[in-house]
Structures are given as structure tokens and as C-alpha cells.
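Please examine the sequence and the structure shown below before reading the report. The headings then take up one topic at a time.

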Amino acid sequence: MSVSPGNETQTEDGQGAQASVLKQPRAVWAVAFAAVIAFMGIGLVDPILPAISAELDASPAQSMLLFTSYLFITGGMMFFTSFVSSRIGAKTTLLIGLVLIVAFSALAGFSGSVDQIIGFRAGWGLGNALFISTALSTIVGAASGGAEKAIILYEAALGVGIATGPLLGGLLGGISWRGPFFGTAVLMAIGFIAIVILLPSEKSGGGKSLKTSPEPIKLSATFRALGRPGVLVLGIAALLYNFGFFILLAYSPFPVEAAAAKMGIEDFGAMGLGYVFFGWGMCVAITSVFGAPLLTKRLGRRRSLVVSLVALAVLLFVMAFLVESFVGIIVCVIVAGLILGVLNTVFTESAMEVSDLPRPVASGTYSGVRFIGGAVAPIVAGSVSESIGTGAPYFFGAGVVLLSVVVIAIGWKAVRRVDGHIDETPVDEAYALTGGDA
């Protein structure tokens with residue numbers, strides 16, 4: 001299977017990619033279904049953070065550590081996923097990831113303290129890193145009728161997962177804060193069974209083997225990549241950006257619910273937060289797929305990053321003053337999704353274009369570094385909100401995002417290569433969306 005210079009995808013039997021995107025093997029649908037659930041996990045816990053805080057006698061700072069443990073382990077594992085999957089195979093990597101998600105999400109649902117949930121979310125993050133990093137190459141390898149159509153399906157699964165995760169979290173969280181954890185375990189177990197039955201392995205006979213054909217990747221490959229100046233500059237800039245991203249994502253449920261209570265909306269709860277972050281997720285998905293390409297073709301990637309980062313910093317600054325306004329804070333959260341969708345995709349496209357590294361190595365290195373910022377953000381948000389005030393985390397977020405602009409400005413020449421290939425092949429675009437939104 002190959003992609004021609006003109007982006008026309010060809011299958012091995014010579015047929016073009018003219019078939020409907022819906023006409024894919026059952027194996028592709030199985031992985032796509034599991035991908036939807038995996039990406040749901042990103043925003044699933046947002047609507048239930050206040051409920052966990054209230055019912056388990058935990059402070060908001062403690063509850064937000066659910067993001068810290070998840071992101072810290074996910075980021076750390078990203079340095080090793082390409083090494084693992086290139087040796088044990090895509091199907092085995094997917095199944096191990098799914099088993100871990102099922103086990104740890106179920107254990108989180110049975111937890112009796114917030115500390116237990118924090119620990120189990122770390123295991124969930126390990127499983128998610130293994131699954132998400134391998135899902136794209138698996139769908140491409142299992143596709144028929146052209147990889148481009150399968151990738152469109154994959155991108156749709158990614159968008160649906162990001163958007164509906166908070167909605168599912170709100171719906172099940174309205175019953176109990178344990179509901180989203182058990183719901184994830186059940187859905188991922190279904191995905192596991194589907195992949196076991198429907199997805200061939202790399203060593204299957206009869207011409208039905210999975211065509212991922214990964215070359216073995218050295219364990220040190222992702223760490224050595226940080227020696228490239230362009231990779232390092234973008235990694236640091238993305239780390240700082242992700243700090244602002246997760247200040248908004250992890251902290252915002254608390255001021256939103258407090259503003260609702262101040263307005264006298266006592267039953268706002270998990271379902272209300274689910275609707276708010278559903279709107280946020282829809283905006284992220286839309287601009288990830290459609291907004292980012294339009295902006296980069298007009299401005300180039302470097303300028304697109306600077307403009308979008310400044311816009312995010314301004315929005316976070318405004319949120320610090322609107323933190324007690326019910327309508328104001330909700331509008332800001334949803335609008336932020338439009339900016340974040342662009343930044344997620346453009347950052348990852350830049351990380352892959354800034355060097356000649358293989359896509360899995362570049363994406364893994366970038367993701368591993370940037371998640372550090374996301375892991376630290378909830379700790380800072382909880383501390384400064386308790387010691388300074390409810391608007392303070394947004395001020396901190398705005399300041400750190402502006403530091404990201406400074407890093408890009410200092411390393412402007414080191415990352416000049418990123419403006420060289422604006423027209424993405426479908427596979428590269430899908431890697432960008434995966435790396436940006438994982």
C-alpha cells in the first residue's frame with residue numbers, strides 16, 4: 001500500500017481510493033470503535049471532578065491530580081511505545097493497552113478514596129499510550145480500498161471521542177461519579193473482544209496479515225531525538241502550551257460549577273458540565289481537522305503557532321476576570337476549544353516536519369515532552385487557587401503560554417523547516433491529529 005506524490009492512495013490490487021469511506025473491513029471498524037472510546041477518556045472525568053471532590057472529601061487540588069497521574073504516565077510511556085510496538089506487533093500492543101484500560105478504569109470505579117483513583121488513572125494512562133500510539137498504523141494496515149478513506153474514518157473517530165467523552169461523563173456521572181469509570185471499562189472490553197476476533201495479526205496466513213511492517217526502533221531513538229535543536233525548541237514550547245491547556249481543562253469545572261451555584265442553579269452538576277465540555281470538545285475536533293489547515297496555508301506554521309498562542313493567552317487572561325460569571329466562563333471555555341484545536345494539530349505537524357525522524361519517533365518524543373506541562377498544570381492550579389484566589393490559575397496559565405511564544409521566537413531559525421511542507425499527506429495529517437489530541 002502506498003501514497004503517490006499527488007496524494008492519490010493506491011491499494012495493492014491497483015484500485016484507487018474511490019470506494020466509500022464506509023466500505024472498510026470489519027477490522028478497521030473494530031479499531032475505530034476502540035479509538036472513539038480511548039479518546040473519550042481525555043475529557044471523561046471533567047464533569048465528575050467536583051462530585052469526586054465532594055463525595056470523597058477531597059480538595060479540588062487533590063481531584064485534579066487525576067489528570068496529573070494520567071498525563072505523567074502517558075507522557076513517559078510515549079518515549080517507549082514505538083520501541084514496543086515495532087517488536088511485539090501492532091495487534092499485541094493494542095490488546096495490552098486495552099486490557100490495562102479495562103482493568104484500571106474498573107478499579108477506579110471501585111475506589112474508596114481519591115488517592116486510589118489517582119493511582120488507577122496512572123495505569124489507565126499507560127494503557128491509553130499503548131493503544132493510541134498504535135491505532136493509526138493499525139487502521140492504515142487493515143484498510144482496503146485506499147488508506148486515505150480509512151484515515152478519514154480514524155479522524156472522525158478521534159473527533160467523536162473527544163467531543164462525546166465529556167457528554168458520556170456527564171450522563172453517567174449524573175447517576176454516580178463511579179459511572180464513567182465503569183462505562184469505560186465495559187466499552188473497552190467490547191472493543192477488546194472485537195479486535196481479538198476481527199483484527200488479523202502481522203503473522204497471519206492466507207494473505208490476511210496486518211500490513212504495518214514496522215522496522216525495529218531502538219530504545220534510545222526518542223531520547224536522542226531531543227538532541228535536534230528544532231525538536232527541543234518545539235518540545236519546550238509545547239510543554240509550556242500544554243500547561244495552559246490543562247489549566248483550562250482540569251481546573252475549569254470547579255469555577256463553572258461554583259458560578260452555577262451562585263446563579264442559583266443547584267442541579268447543574270455533572271450533566272451541566274458534560275454539556276459545557278461537549279461544546280468545548282466539538283470546537284477542538286472541528287478546528288483540529290478544518291481550522292488548522294486553513295490557517296497554516298495562509299500564515300505558515302510558525303506564525304500560526306504565535307498567533308494562536310497569543311490568542312489563548314489573552315483568553316486565559318480574560319477568564320481570570322470572568323471566573324465568577326456563569327455565562328462568561330462557559331463561553332470562554334467553549335471558545336477556547338477553537339484555539340486549542342488549531343494549536344494541537346499545528347504543534348504536532350511542526351514537531352514531525354522539523355526533522356527527518358520517522359513519524360512514530362517524532363510523535364512519541366514530542367508527546368512525551370509536552371505531557372510534562374499537562375501533568376504539572378493541575379498541581380499548580382490547585383495550589384494557587386487555594387492560596388491566591390479562583391482567578392489566579394488562569395493568570396498563571398496566560399503567563400506560561402506567553403513563555404511558549406518567547407521560546408518559539410528565540411528558536412525561530414531552528415524551526416524554520418516546519419514551513420516547508422504545508423500540504424500534508426493523509427497519513428501525516430492523521431499522525432498530527434493523534435499526537436495533538438492524545
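The report that follows describes a predicted model.

## Overall composition

The protein contains 18 helices and two strands. Of its 438 residues, 58% are buried.

Among the contacts in the protein with a separation of 6 or more, 86% are between residues 24 or more positions apart.

Helix α1 covers residues 26–40, which gives it 15 residues. From its first C-alpha to its last it reaches 21 Å, close to the 21 Å expected at 1.5 Å a residue. Because 12 of its 15 residues are buried, α1 is largely enclosed by the rest of the structure. The buried residues of α1 include Ala 27, Val 28, Val 31, Ile 37, Phe 39 and Met 40.

Helix α15 covers residues 326–353 and has 28 residues. Its first and last C-alpha atoms are 41 Å apart, close to the expected 40 Å. At Ile 339, α15 bends by about 25 degrees. This helix too is largely enclosed by the rest of the structure, because 23 of its 28 residues are buried.

## Aromatic rings

A pair of aromatic rings is described by the distance of the centres and the angle of the planes. A search of the whole structure finds 18 aromatic pairs. One of them is formed by Tyr 70 and Trp 124, whose ring centres are 6.5 Å apart and whose planes stand at 90 degrees, an edge-to-face arrangement. This pair links distant parts of the chain: Tyr 70 belongs to helix α4 (residues 65–78) and Trp 124 to helix α7 (residues 114–142), 54 residues apart. Are the two residues buried or exposed? Both Tyr 70 and Trp 124 are buried.

Seven-letter names aside, a further group deserves attention. Phe 67, Tyr 241, Phe 245, Phe 246, Phe 277, Trp 280 and Phe 347 form one aromatic cluster.

## A charge over two rings

Which rings does Arg 121 lie over? The charged end of Arg 121 sits over the ring of Phe 67, at 6.0 Å from its centre. Arg 121 also lies over the face of Tyr 70, where the distance to the ring centre is 4.2 Å. Phe 67 is a member of the aromatic cluster, while Tyr 70 is the partner of Trp 124 in the edge-to-face pair.

Arg 87 is located in helix α5 (residues 81–88). Is this residue buried, partly exposed or exposed? Its relative accessible area is 44%, so Arg 87 counts as partly exposed, since that class lies between the limits of 20% and 50%.

Apart from neighbours within four places in sequence, Arg 87 is in contact with Pro 216, Ile 217 and Lys 218. Arg 87 and Pro 216 are 129 residues apart along the chain, yet their C-alpha atoms are separated by 6.1 Å.

## A loop residue with positive phi

Asp 57 is found in the loop between α2 (49–55) and α3 (60–63). The phi angle of Asp 57 is near 50 degrees, a positive value in a residue other than glycine. The relative accessibility of Asp 57 is 73%, and therefore Asp 57 counts as exposed, the limit for that class being over 50%.

Terms used. Residues numbered from 1 in each chain as written. Predicted model: local features only at pLDDT ≥ 70, side-chain atom pairs only at ≥ 80, totals over all residues. Heavy atoms only, no water. Helix = DSSP H or I, 4+ residues; strand = E, 2+ residues; numbered from the N terminus. Expected span 1.5 Å × (residues − 1). Bend = angle between axes of the 7 residues up to and from the residue. Buried < 20%, exposed > 50% of the residue type's maximum accessible area, 1.4 Å probe, protein only. Phe/Tyr/Trp six-rings, centres within 6.5 Å; stacked < 30°, edge-to-face > 60°. Lys NZ or Arg CZ within 6 Å of the ring centre and 35° of its normal. Contact = heavy atoms within 4.5 Å.
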